[in-house]
Amino acid sequence: MWPLDLPASAVLKLPGETEIAWAVFDWQWYLGSNPHAAAAAGGVDPATVLQFYLEQGQRQGHSPSPMFDEAWHRLRYPPIAARIVAGEWRSAFDAYCRRGALDRSPHWLFDEPGYRERYPDLTDDVLSSLGICNGYDHFLRHGAQEDRIGHVLFDPAIYLAHFDPADVAAIRAGGVFQHYLKRIESAEPELRTSIYFDPAWYLRRYPEVARDIGAKRWKCALHHYLCNDTPSAFDPLAGFSESWYLQRDPGLLRVVTAGSFRNGYSHFLRFGAGELRRPSATIDLAWYAAQPSVRADLDQARAADAFAHWLTIGAAAGLASSKPESENLTDSQASHLFHRTAAAMLPIAGRFGYDFACSESPALSVVMVPRDGFASTLATIASLRCNVPSDTELIIVDRGSTDETRSIEQYVHGARVVRFDDDIGWSGAAEAGRQLAGAASVLFISAAATVAPGSIRRALSRLAADASVGAVGGMILQPHGVIAEAGGIVWNNGAIHSYQRGASPRDPEVNFVRTVDFCGSGFLLTRTSLLAQLDGFDHACPASHAAVDLCLRIAQTGSRVVYDPSVLVVLGDVAEGNAPGDHFRQKHTALLAERYPPSGPAQVFARHAGPRPHRVLFIEDTVPLRRIGSGFVRANDLVRVLASLGCAVTVFPVNGCEHDLAQVFGDMPDCVEALHSSGLNHLAGLLQARTGYYDTIWLARTHNLARVRPILARLQAAGTLNARIVLDTEAITPQREAMAAEHAGLPYDLPAAMRSILTDAEICRQTVAVTAAEADTLRRFGFPAVQVVGHKVEPNPTSLPFDQRSGMLFVGAIHNQDSPNFDSLVWLVEAVLPLVEAELKWETRLTIAGYTAPGIDLTRFARHRRISLRGSVADLSPLYDAHRVFVAPTRYAAGAPFKVLEAASRGLPVVATELLRGQLGWRGEQDILAADANDAASFAACIVTLHRDRSLWQTIRDGALQRLRREYNEEQFSGSVAAVLRHDRAERNPPNA
């Protein structure tokens, strides 16, 4: 090791003249950063430029290379700047060479003391034996290539994950850190370098920073965060709040203000995370780290600490980060409030009572097993009366109550009351009630429960609709509003687990229907005949396992126990499960041998009971709601068909989901897991947390392939992803872009664009096209195993005849100003509509409907006297029924025009461009009217003709409906999707395997 006490002139060398990585003078970069230097130096000879830097550049505050930031170093170490002014050193770099490299950091993105502390193997003796002068020299020459972390916000492994595996070796050889610095110097799109800093979120949160980066004031978001003058004014990512963290600890605030730490986050990453301090109001690390699944992961070193676990695993997996909605309430306090509310309802019961008189053939039997708790029992009965059919049999089995429950008949008229002097246990009392049940279905419910409106009706409907369902349970909430149970898991040791206990009831993981091991006794609806067949409850099982045992025996009959989140119940008291007991374990020895061992990662597998479903991860721009159009209707249909084929489907939105949860859950099949709170940054964590879970990844749209490919390729290379990836092109985007470029008179290299997609598609095993023509195109370019999956459009024509209709209808989603729909609308209004108006006069009326993204300006159309803007319309039926002509003036597009198919299915004849007619392969004058996209006069003539000619109107209407029945029916669509899955299963299970 050299003595690290030499002037810069003795240390800084030209490339090839020194082995010290940070001591290489990058003369080309230097000239680019200081354009005047070439003239001042008298040329661009490398040695001359180096001499200029040493003699003049140092004094002017220049950096010798991207690896040393002169300006930052002076600001970071004020005494150094003062001694430079005093003339003791020529520059900060000069001071760095004079022993400063031993304990000072050279760059805002490298921490010398932190690096040596993080890797204690890098002792002075070790570095000296390797001929390395300090930690920074080691990091640049070896450390980054070994994925060592030189700064808490720069992890080489995370940075490299963005790149094609084929390119990673070259990047490592040239220097990972150097590659990053050159990238931000050239203003390329910023890539994430750490789990602890989210540049995309940062720029959305602070748009002024994005503007400053555009103005060249900062190199990137990370540069701004680490170098700005007010470090405590900016949060690094959504999971940390600077102001909240500092305000929680006035002493820490004083320490940060004094300069011991740059900001609260630097303290948190160094000490706070390990101490389980809360990084924000929504993340309680102490509570989070105590959760069994998190503890298991931390014990197995799947994450460095609880905060790292939350960022990489927990958020993506939907784990609760704190007790939602209960920060100021303990369990006992919430339970106390529940019972106080019940007590407030006692006067109502005393004055009016509740009537449960019913016929000899009740529609439902309800069994309650109270023991004391008079007020909460009556409150539960009140909730039942609002939820159950009028002809419901209420059976109350009193387990030796000592309060007013002994006189409950005075308040509940018509109920059957069975009273025991002693507490015979829940299962014994429930069995007594079961034997009295006279209805075909019997509901066991806690005596301290509030049932959400409609829950019992929905549970009964699910039981009645499917003979394979033997029992139905629901989402059980604790009194302070978090999950108590969302379906249960039985582990191989006989222990039971309430899935997602403590999570928010809004979380995606608890909001889909699935077959489960058990649903608890708080709410369990089952068939009376099945109970009789099984001889009811087993009294030898402990109370916590009586309902579990029954559910397992129900499954052994071939029936399913189903968890339904639309069945919502709040319990006033939630008991913890106890040990299963030897009887339970011995009784179910064979079944337990097939169950998963208790662990965090196993939950996602164990949450499904029964035959293993084919598991599909469906990746889209956002959760595909039908109302937003633009291919999302087809995606919605795909999700529905996959679910109908028995697949366990997870929908993952790479751009997140900004839609209201009521819209999300209302437009997704109830058995689909829609990860509405996730986005691209969560994908890697999700797949790592669910290693081996998914069989198929159905990836919608080629632009999403380009975004997720580095993540999927890295996981494939690491062996943590073996799912078969299916690329659903939805539309061949380059073809549309080529048309748009041609329309604008711009060049476009279509083959190159297709080859780029093909390169990304190397990770895929199959490709899906929406039309036969596009399938042929994909095959010509060599895409793998191309399958056509078109649209599903069922004819449902509106009823009004020709004479009672008028005007034109345009329906299309507009997500951005340069979209095909916006372009076609401008052409229609500006070029076509005046020609139509010249012929139809006062009859000219154009209605524009469809989803419009925020920020899209349609005021140019709103002012037109012949146009009505309707925006997003929940039900388009009245518009399809009222108008005479549907217009589709699209001038560039790919795929298949769903808007044309939908309009035709509603019995509204279409005038479209020849482009769309060709994509559909429909017949002009028989199924559709069409004109060239550059011929406004012909397009207008088609509209006028169709608007006036009743016979032609009927011909087009009938021809299109017949076409839809033949080519776009549900059977064909489902068959195409099933064929893709069959291909998948055939690859996984070859005949001779």
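This note goes through the predicted model point by point, from the whole chain to single contacts.

1. **Basis.** The model is predicted: local features need pLDDT of at least 70, side-chain atom pairs count only at pLDDT 80 or more, and totals for chains, interfaces and linings use all residues. Numbering starts from 1 along each chain as its sequence is written, and side-chain values use heavy atoms, with hydrogens and water left out.

2. **Whole chain.** The chain has 993 residues, and 57% of them count as buried. Buried means under 20% relative accessible area, exposed over 50%, and partly exposed in between (1.4 Å probe, protein chains only). The C-alpha trace spans about 110 × 80 × 65 Å along its principal axes. There are 47 helices and 27 strands. These are DSSP runs numbered from the N terminus: H or I of at least four residues for helices, E of at least two for strands. Take the contacts between residues at least 6 apart in sequence: 71% of them join residues at least 24 apart. Contact means heavy atoms within 4.5 Å.

3. **Leu-319.** Where does Leu-319 lie? Leu-319 is in the loop between α22 (306-317) and α23 (331-344). Leaving out residues up to four places away in sequence, Leu-319 touches Tyr-288, Ser-293, Val-294, His-309, Trp-310, Gly-314 and Gln-500. Asp-507 is 188 residues from Leu-319 in sequence, yet the C-alpha to C-alpha distance is 8.4 Å.

4. **α35 and α36.** Two packed helices are described by the angle between their axes and the distance between the axes. Helix α35 (residues 680-689) packs against helix α36 (residues 702-718) at about 20 degrees, and the axes are 10 Å apart. That makes α35 roughly parallel to α36. Angles under 35 degrees count as roughly parallel, over 145 as roughly antiparallel, 65 to 115 as roughly perpendicular, and the rest as oblique. Axes are lines fitted to C-alpha atoms, for helices over the stretch in contact, and angles run from 0 to 180 degrees between N-to-C directions. The crossing of α35 and α36 is right-handed. A crossing is right-handed if the near helix is turned clockwise from the far one by less than a right angle, and left-handed if anticlockwise. On the α35 side, the contact uses Leu-680, Leu-683, Ala-684, Leu-687 and Gln-688. On the α36 side are Arg-707, Val-708, Ile-711, Leu-712, Arg-714 and Leu-715. By class, the contact has 8 nonpolar, 1 polar and 2 charged residues. Ala, Val, Leu, Ile, Met, Phe, Trp, Tyr, Cys and Pro count as nonpolar, Asp, Glu, Lys and Arg as charged, and the others, Gly among them, as polar.

5. **Strand β19.** Why is β19 (residues 724-728) largely enclosed by the rest of the structure? Because 5 of its 5 residues are buried. Arg-724, Val-726 and Asp-728 point one way, Ile-725 and Leu-727 the other. Strand β18 (residues 696-700) pairs with β19 in the parallel sense over 5 bridges. Two strands pair if DSSP finds at least two bridges between them. Trp-698 has Val-726 in β19 as its bridge partner.

6. **α37 and α38.** Helix α37 (residues 733-744) and helix α38 (residues 750-760) pack at about 155 degrees, with axes 9 Å apart. They are therefore roughly antiparallel to each other. α37 passes α38 in a right-handed crossing. Pro-734, Gln-735 and Ala-738 of α37 meet Leu-750, Ala-753, Met-754 and Ile-757 of α38. This contact has 6 nonpolar, 1 polar and no charged residues.

7. **The six-stranded sheet.** An open sheet of 6 strands has the order β24-β23-β22-β25-β26-β27, with parallel pairing. Its edge strands, β24 (867-871) and β27 (929-931), each pair on one side only. The twist averages 25 degrees from one strand to the next. Helix α43 (residues 898-905) packs on the sheet and touches β22 (808-811), β25 (885-888) and β26 (910-913). The direction of α43 makes about 175 degrees with that of β25. Strand β23 (residues 846-849) runs parallel to β24, joined by 4 bridges. Ala-849 has Gly-871 in β24 as its bridge partner.

8. **α40 and α45.** Helix α40 (residues 820-840) packs on helix α45 (residues 936-948) at about 50 degrees, with axes 9 Å apart. That makes α40 oblique to α45. Their crossing is right-handed.
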